[in-house]
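Dear colleague,

Please find the structure below, followed by a short account of the findings.

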Amino acid sequence: MLRRIKTIVKNLFVNNEKRQFYLYEKRYFRHSFVNGKCKTEKQFEASITRFYHTIEKGLAYLNYRPGFGHDIIDILISEMEEYAKCYNTETFFYKTALSTLSFYMKKNKENGFVDKELEQRICSLPGVQNEAGGCFFFNPIKETENISFEDMIKNRHSMRHFSSEPVNLELVKDAINLAQFTPSACNRQGWHTYIVNDREVLKQVLGKH
C-alpha cells in the first residue's frame, strides 16, 4: 500500500512538471519572434536591429569575406519587407537597416563580389536610408579632441579593430584619473588600477587568468 501511494505521488509530481513545462513552452512561442515571425512593431524593431548589427560586425573585419552572411541577409530583407507592409518606414532603425544593406552592397562590389538577385531585393525595399548604418575608420583621440563631453558621449562608436600604434601613456593616466570620479558606494572609489607595458610581464599576467 505504501509503495502504491509513493507511485501515485511520484506520478502526480512528474505530470505537474510536464504540465508546467508545456505552459512555459506555449507562452514562449506565443511571445517569441525568431526568423521572420514578428507579430508587433516592437518585435520587428528588435529583430531587424539585431540582424543589421550582426551584418555591421562582419563589415568591420579587416579580413573581409565578400558575400558573407547570406542567410542572415535573407532573413533581414524578408523582415524588412514584412515590416514595410504594415508600419512606417521613416523610423530610425529601419533607415539604418537600409543604410547597412547599402554599405554591404558597396563593400562587396569593391571586393569584386556582385549578387544581382540580392541587390535587386535590397534596391526594391521601400524607404530612404540614413547615414547611420555600416562602418568606417575612426580615430577616437583625433575625432574627439575638440568636442564637448556631451557630444563625445552622444557620438560614441563600437571599435572592432585597433592600430598597432602605441597609446600615449600620459593619455591613459589622464583617463584613469577621470575614472576615479565614477560614482561608487559611499563615494569610496575602492578600486585599484595597474598599468602593464612590458610585454614579457604582460604575458605572465595574462597567463594567470
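Which residue forms a salt bridge with Asp 74? The partner is Arg 121, with the closest N and O atoms 2.6 Å apart; a salt bridge here is a side-chain nitrogen of Lys or Arg within 4 Å of a carboxyl oxygen of Asp or Glu.

This is a predicted model, in which local features need pLDDT of at least 70 and side-chain atom pairs count only at pLDDT 80 or more, while totals for chains, interfaces and linings use all residues. Residues are numbered from 1 along each chain as its sequence is written, and side-chain values use heavy atoms, leaving out hydrogens and water.

Glu 81 also forms a salt bridge with Arg 121, the closest N and O atoms being 3.5 Å apart. Glu 81 lies in helix H3 and Arg 121 in helix H5, so this pair ties together parts 40 residues apart in sequence (helices are DSSP runs of H or I, at least four residues, numbered from the N terminus). At 22% relative accessibility, Arg 121 counts as partly exposed (buried means under 20% relative accessible area, exposed over 50%, partly exposed in between; 1.4 Å probe, protein chains only).

The largest nonpolar core has 24 residues, of which Ile 48, Met 80, Leu 101 and Tyr 104 touch the most other members. Such a core is a set of buried Ala, Val, Leu, Ile, Met, Phe, Trp, Tyr and Cys residues joined through side-chain atoms within 4.5 Å. Helix H4 supplies the largest share of this core, seven residues.

By contrast, none of the nine residues of helix H9 (199-207) is buried, so H9 lies largely in the open.

Yours sincerely

Conventions
Helix = DSSP H or I, 4+ residues; strand = E, 2+ residues; numbered from the N terminus.
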